[in-house]
Amino acid sequence: MRGRDPETGEFLDESRSQKRREALDVLAMAGKLMDTGAAALALLPMPEELRALVADSQRISSHIARKRQMQWLAKQMRREDDEVLEALRAALEHTKEDARREAAALHRVEHWRLKIVDGGDEGLAAFVALYPLADRQQLRTLARNAKAERLANKPPHAFRELFRVLRELMDEADAQPPGDDADH
């Protein structure tokens, strides 16, 4: 029983429901850690003992054994300090947000590639209006070749090259600070 403080009437400890919510949160975090790749795992702020436990847990492939291992890993994680768990939680959220941002950027590039290939000069003009450093002739040639490849059922070399060029242009523009012109 958790009891109450005789002077203030406040509960002395967390409720059982709150403890369960926190334990389930740590269990979910253990699952995310087990699904994280080795390279991303190396960047997370955690003690080496915990890192070794996660690496051992990732080797298990059987469904039920993996579930049991995840519960055991969560139990070990609950023994860590709150600061360690908070730092780990923040790092996992940060990587999730980075992945979302990267996916959105790739979708934007894909949108422009399709607009340039399918929309012809109108799509190209709209892109060049937004990204004036783009080489209009190069993009026109790549779009024309990509369209021809698609019609001839050939491998999409120009289509991929167009994606690469668009991504480089858009990344450069995003990396430039606002209001900074390259024409100085």
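Which helices do the buried residues of α6 pack against? They pack against α5 (82-119), α7 (136-151) and α8 (157-175). This is a predicted model: local features need pLDDT of at least 70, side-chain atom pairs count only at pLDDT 80 or more, and totals for chains, interfaces and linings use all residues. Residues are numbered from 1 along each chain as its sequence is written, and side-chain values use heavy atoms, with hydrogens and water left out.

**Helix α6**

- Helices here are DSSP runs (H or I, at least four residues), numbered from the N terminus.
- Helix α6 spans residues 121-130, and G123, L124, F127 and V128 are buried in it. Buried means under 20% relative accessible area, exposed over 50%, partly exposed in between (1.4 Å probe, protein chains only).

**Nonpolar cores**

- A nonpolar core is a set of buried Ala, Val, Leu, Ile, Met, Phe, Trp, Tyr and Cys residues joined through side-chain atoms within 4.5 Å.
- The largest such core has 21 residues. F127, L139, L162 and L166 have the most contacts inside it.
- Helices α5, α6, α7 and α8 each supply at least two residues of this core. The largest share, 8 residues, comes from α8.
- A second, separate core has 17 residues, including V26, M34, M77 and L88.
- In soluble globular proteins, nonpolar side chains tend to be buried together.

**Contacts around F127, L139 and A134**

- Contact means heavy atoms within 4.5 Å. The contact lists below leave out residues up to four places away in sequence.
- F127 is in helix α6. F127 counts as buried, at 0% relative accessibility.
- F127 touches W112, I116, A134, L139, L166, L169 and M170.
- L139 touches L124, F127, A134, L162, V165, L166 and L169.
- A134 lies in the loop between α6 and α7. A134 counts as buried, at 11% relative accessibility.
- A134 touches F127, V128, L139 and L169.
- A134 and E168 are 34 residues apart in sequence, and 10.0 Å apart in space, C-alpha to C-alpha.

**Rings and charge**

- Rings of Phe, Tyr and Trp (its six-membered ring) pair if their centres lie within 6.5 Å; planes under 30 degrees apart count as stacked, over 60 as edge-to-face and the rest as tilted.
- By this rule the count is 2 aromatic pairs. One of them joins W112 and F127 edge-to-face, at 5.4 Å centre to centre and 65° between the planes.
- This pair links distant parts of the chain: W112 is in helix α5 and F127 is in helix α6, 15 residues apart.
- W112 is buried, with a relative accessible area of 9%.
- Ring pairs join W112, F127 and Y131 into a cluster.
- R113 lies over the face of F159, at 3.7 Å from the ring centre. A charge sits over a ring if NZ of Lys or CZ of Arg is within 6 Å of the ring centre and within 35 degrees of the ring normal.

- T36 sits in the loop between α1 (16-35) and α2 (38-43). T36 is buried, with a relative accessible area of 16%.
- T36 touches L41, Q58 and L92, not counting residues up to four places away in sequence.
- A polar atom of the T36 side chain lies 2.6 Å from the backbone oxygen of K32. A polar contact is a pair of N or O atoms within 3.5 Å; within protein, one must be able to donate a hydrogen and the other to accept it, and residues adjacent in sequence count only if both atoms are side-chain atoms.
- T36 and E161 are 125 residues apart along the chain, and their C-alpha atoms are separated by 31 Å.
- N153 lies in the loop between α7 and α8. N153 is exposed, with a relative accessible area of 72%.
- N153 has a positive phi of about 55° although it is not a glycine. Most residues other than glycine have a negative phi.
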